[in-house]
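Subject: Structure for your files

Dear colleague,

Here is the structure we spoke about. Please look it over; my notes follow below it.

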Amino acid sequence: MKHEAYDHPAFQVVERMPGLDMALLKADDLLHWGAENSLWIFPMGTSCCAIEFMAAAASRLDMDRFGSIVRGSPRQCDVMVIAGTITVKMAPRVLKLWEQMPEPKWAIAMGSCAISGDFYRDIYSVVPGVDTFMPVDVYVPGCPPSPDALIDGIRRLQEKIRAARGGKPFEREVRPETGMILPEIRRLGDSDRDPAITEAQCQAVLNMDKGGAERPPR
Amino acid sequence: MNALALTPPIAPRANPYLDIESYEGQGDLMVLNMGPQHPSTHGVLRLKLWLDGEVVVKAVPYLGYLHRGVEKLLEKLTYVQSTPIVDKNDYVSSMTNELALVMAFEKLEGCEIPRRARYIRTICAEMQRVASHLLWLGTFALDMGGALGGGTTAFMYCLRERERILDLFEELSGARFHYHMMQVGGVRHDLPAGWDAHLKRVAADISARIPEYEHMLSENVIFRARTRGVGRIDKLLAQELGLSGPNIRACGIDHDLRRSQPYAAYDEIEVRPALATEGDVYARYQVRLAEMRESLRIALALIDGVPAGPIMGRKPIETVNAVKPPAGEAYVAIDSPRGELGAWVVSDGSTKPYRCKLRPPSYHALSALPYLLPGVTIPDVVVILGSLDPIMGEADR
Amino acid sequence: MIGPDALLLARERFGLETPEHGPTIPRERLGEFARALFEAGYVYLVYVSAMHHPADKQGETERPARYTVVYRVRDLARGLEFPFRCEVPLGTSVPSLAAVWAGADWQERETFDLVGPVFEGHPDLRRIMLPEDWEGHPLHRDYAINTPHRPWR
Amino acid sequence: MLFDSPVLHALILGLVICSALMGVTSYFIWFERRFAGRMQGRIGPEHVGFKGLLQPIADAFKLLIKEDITPRNADRVLFNLAPLLAVFVALLTLAVLPLASGLVIADLDVGVLFFLAAGAMTVVPTWMAGWGSNNKYALIGGMRAIAQSVAYGVPLVLAALVPVILAGSMNLSEIVAAQAGGHWFAFWPPGPGFLGGILFVLASLAEGNRIPFDIPEAESELVSGISTEYTGMKFGLFYLGEYVHSLVGAALFTTLFLGGFDGPGPDVLALQLFWFLLKTSVVSVLLLWVRWTYVRLRSDQLMTLCWKYLLPSGLGVVVLAAMWVWFSQEAPA
């Protein structure tokens with residue numbers, strides 16, 4: 001049975017040449033080792049966790065030891081660290097920046113505001129958790145999590161990349177369930193999340209800069 | 001008309017509501033969004049700039065990207081529960097937030113605070129001011145120097161000192177950031193043993209480091225060229241906008257709530273004014289450095305004379321609705337590192353405030369932007385924004 | 001402490017009684033009172049805020065739902081302070097003081113956005129905190145705190 | 001002269017030097033991150049291989065596997081050509097650089113003119129990236145790069161003229177020969193050489209867009225300047241081009257002012273190469289030191305610096321050098 005993804009001519013060559021597929025496997029292994037050890041971070045810092053994120057990048061707990069430097073533009077980053085409360089007015093921008101990041105990308109939800117909206121979660125203007133509109137790989141709980149908790153989060157992400165590369169099963173981190181009232185909007189990975197919400201969210205991102213939310217001043 | 005108020009404005013006041021169609025520059029204007037996610041907007045502030053070439057013609061700040069409905073939440077929670085909420089407003093100096101709110105409740109209830117608690121409050125507020133100014137100095141140099149350059153070096157030095165102060169607070173209250181240290185009637189944690197020796201060591205180190213920052217920044221010709229004469233605020237505009245703290249002291253107006261309305265233990269210590277006259281970015285930088293030195297001096301002077309005694313002026317708070325002030329209204333303002341932080345509380349006799357408005361200094365500092373930015377290039381927009389030291393968590397509430 | 005000359009002004013010229021939290025000025029004369037204060041040297045605007053009161057009975061008089069807009073100004077040279085306020089039923093607007101104090105512009109925009117009183121004569125009365133297409137004013141007493149805002153919450 | 005045909009000689013030597021330079025540049029990036037770490041009281045890259053030595057390799061691999069995004073309505077040709085041109089132009093100056101006596105790819109008689117022309121071309125990829133990526137921040141960065149290139153161009157030429165006058169020829173090998181025996185131009189004629197050296201360093205810093213003049217690529221105000229829209233290896237090439245340019249700038253400074261491969265000891269090829277590399281690394285570490293201490297200038301302040309201060313002092317230095325040469329010659333017959 002021809003799997004349609006593999007009828008690309010390049011894969012025909014790989015099948016015919018003996019040993020090339022093993023070489024490619026090793027090459028892919030090596031390249032992902034590179035990705036794991038140089039995670040450039042896009043600081044989506046909105047509130048108090050951004051200050052703890054800076055402290056993690058500063059001299060006492062130095063993120064540069066793992067090769068992760070902070071880049072300003074989403075195009076050059078692999079990990080988006082969402083640090084702080086995401087409000088309704090900010091959510092479409094976070095989703096747009098997430099879409100702008102090039103592909104092998106991961107997301108760390110830092111702080112309980114990003115994980116579940118913390119005690120602001122039932123307020124009219126706060127999004128109860130970032131994973132209601134974007135996939136999150138690692139949750140770093142705390143309010144604010146101490147810098148070494150964030151670095152432990154980065155190490156957990158590296159283990160996740162290493163496991164995914166080695167093909168070993170790595171169970172998806174689930175948001176810590178603390179028996180709180182769940183928001184009506186289900187999380188992204190949830191089974192009973194109706195796709196209409198995802199569609200509406202993408203639509204909101206599209207008409208964001210058509211003055212949808214901001215009527216320009218006279 | 002008092003002479004202080006109506007000094008002639010330095011530059012004709014820019015019109016924040018300039019009509020774009022009527023502007024006749026060489027070419028058409030470019031609209032640039034220094035959007036909510038930008039390396040140097042100090043949090044989530046969006047600046048919509050109309051640029052003629054690289055000079056700003058009109059600037060409209062958009063706020064609200066971090067509006068977490070704190071005032072609505074404060075109406076839903078009781079007096080005892082509200083202190084941890086306010087910690088997260090101005091998350092760089094959370095002790096001063098708690099202090100303002102708690103003093104407003106105490107004014108409503110009329111309870112008296114023991115002298116030891118007042119001393120501890122003053123020392124914590126002053127060390128919090130040093131930590132907040134250190135973070136400001138770091139991010140201010142970062143705005144000017146760039147992520148991979150000289151600015152980062154100053155940033156790392158400042159955050160290294162700030163970690164020392166956070167260790168101090170962690171030893172006192174157990175948390176690095178949101179301390180929940182103040183409560184109605186006094187302070188929740190007493191000074192642990194050896195804390196004053198630790199404080200003396202930290203204060204001595206930092207006062208030895210401040211000349212290093214000056215050597216690296218203010219004696220640097222490029223730093224002075226980038227900050228002298230940039231973003232000048234004239235006295236009348238500063239007062240009409242309600243600027244406060246270092247921003248207004250840099251314009252030469254000696255408005256310091258620690259001296260005009262002494263609270264906590266400020267009546268027992270003499271607070272020397274830190275003033276400058278030009279009102280530009282360099283003046284604000286100098287005022288903040290002088291304030292850091294002054295705060296260290298006050299903390300060192302007070303730490304020896306902390307009187308013994310109770311740290312709680314009323315019966316201990318066991319239940320959530322322990323505090324039930326009589327119906328009334330109170331406005332208390334204190335001098336936070338960013339300026340006058342006030343809390344206007346209206347109580348209707350129940351255990352929950354009827355209305356609680358927080359007066360954040362950053363919101364007023366940001367309201368100066370539409371007047372300061374026209375006629376300035378983009379690098380100066382970043383420098384002026386940095387020099388006003390806004391915290392979006394406080395401005396957006 | 002409270003400015004004596006402002007108290008004098010409120011009692012003589014405007015004939016208002018001045019309780020501890022400041023006189024209540026009728027909305028028609030608010031602009032004139034503000035200008036008099038500004039001329040008297042109260043140039044520093046501390047804050048503008050508002051409260052929403054649902055319709056209630058005070059004693060026997062039936063009071064409609066109304067806003068209380070609260071102001072506070074200072075004179076830094078003489079170290080004086082003066083709070084004053086203005087009560088307005090729900091429908092009517094409050095004259096804007098943006099022409100007197102430049103700082104009142106943003107303060108009134110935020111008060112309009114969160115509490116709801118309309119400031120007529122304001123140069124650009126837009127919402128500042130909430131998205132522009134938001135209905136309702138959150139700090140109304142009857143506004144549920146967790147009103148959903150599709151598709152984000 | 002290998003195989004006594006200049007083309008083959010240039011080809012092989014060029015290949016060797018370029019690949020060596022790529023390795024040296026990637027480890028120069030590792031060194032800079034460690035050096036900046038030590039300056040800022042923190043440890044640089046540490047956990048990737050011994051003392052972080054595998055860090056540049058990890059960065060290169062990661063950049064290889066990133067998704068390659070070209071913005072939809074970007075100018076496709078300009079956008080994709082700019083990174084290649086950035087590295088090409090930075091490497092172009094290597095052609096005339098004498099690493100040791102005889103070890104030079106192309107011993108042009110107009111060596112100085114060649115590398116000045118190559119230097120002037122560095123602004124072309126910056127502008128192509130700025131215009132091609134259809135991004136407002138990049139456009140502002142590109143426009144600043146053009147205004148800046150005019151400003152530092154003239155002082156760069158004047159500074160490069162000083163060794164030409166002192167050595168009497170534009171051929172870099174002859175300039176190095178003229179400095180043989182310790183008569184390095186930076187020190188020997190005390191007036192013009194030293195001032196010319198400082199001028200050359202300032203102008204080459206501005207040309208390579210390095211702090212304190214990294215105005216087109218200003219991270220703090222222009223998100224990341226011209227390279228905002230670049231992902232993966234295209235951004236990698238820009239990053240590499242910037243570092244190659246700073247290394248080659250340091251090598252040029254040693255050739256013109258610090259006597260190139262001249263040093264004590266016999267004229268053995270290996271020893272000459274050693275001296276050349278030692279001096280270049282010392283100069284590039286000094287440039288790093290400048291980079292991690294100073295804040296950034298505004299573009300109009302850079303213009304005033306170049307037009308009002310560097311230009312007149314450049315003219316003065318050239319006149320001084322000419323007077324030195326005039327009086328040091330014996331009276332003409």
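Strand 2 (residues 79-83) and strand 3 (residues 106-110) of chain A run parallel and are joined by five bridges. One pairing to look at is Ile82(A), whose bridge partner in strand 3 of chain A is Ala109(A). Please bear in mind that this is a predicted model.

The two strands belong to an open sheet of four strands in chain A, ordered 1-2-3-4, with parallel pairing. At its edges are strand 1 (41-45) and strand 4 (138-140) of chain A, each of which pairs on one side only. From one strand to the next, the twist averages 20°.

Two helices of chain A belong with this sheet. Helix 3 (residues 48-57) of chain A lies across strand 1, strand 2 and strand 3 of chain A, and its direction is at about 145° to strand 1 of chain A. Helix 6 (residues 147-166) of chain A also packs on the sheet, where it touches strand 2, strand 3 and strand 4 of chain A. The direction of helix 6 of chain A makes about 165° with that of strand 4 of chain A.

Next, chain B. It has an open sheet of three strands in the order 6-7-8, and here the pairing is antiparallel. Strand 6 (328-336) and strand 8 (353-359) of chain B are the edge strands, pairing on one side only. Direction ignored, neighbouring strands of this sheet are turned by 10° against each other on average. Strand 7 (residues 339-347) of chain B is joined to strand 8 of chain B by six bridges, and the two run antiparallel. Within strand 8 of chain B, Pro353(B) is the residue that stands opposite Ser347(B). Helix 3 (residues 94-109) of chain B lies across strand 6 and strand 7 of chain B, running at about 150° to strand 6 of chain B.

Last, the contact between chain B and chain D. On the chain B side 30 residues take part, and they are in contact with 23 residues of chain D. The elements of chain B that give two or more residues to this side are strand 1 (30-34), helix 4 (115-145), helix 5 (150-173), helix 7 (221-227) and helix 14 (378-388). Helix 5 of chain B provides the largest share, six residues. By class, the side of chain B that touches chain D has 15 nonpolar, eleven polar and four charged residues.

Regards

Key
Residues numbered from 1 in each chain as written. Chains lettered and ligands numbered in written order. Predicted model: local features only at pLDDT ≥ 70, side-chain atom pairs only at ≥ 80, totals over all residues. Pairing = 2+ DSSP bridges. Axes fitted to C-alpha atoms, helices over the stretch in contact; angles between N-to-C directions. Contact = placed C-beta atoms within 7 Å. Nonpolar A, V, L, I, M, F, W, Y, C, P; charged D, E, K, R; others polar.
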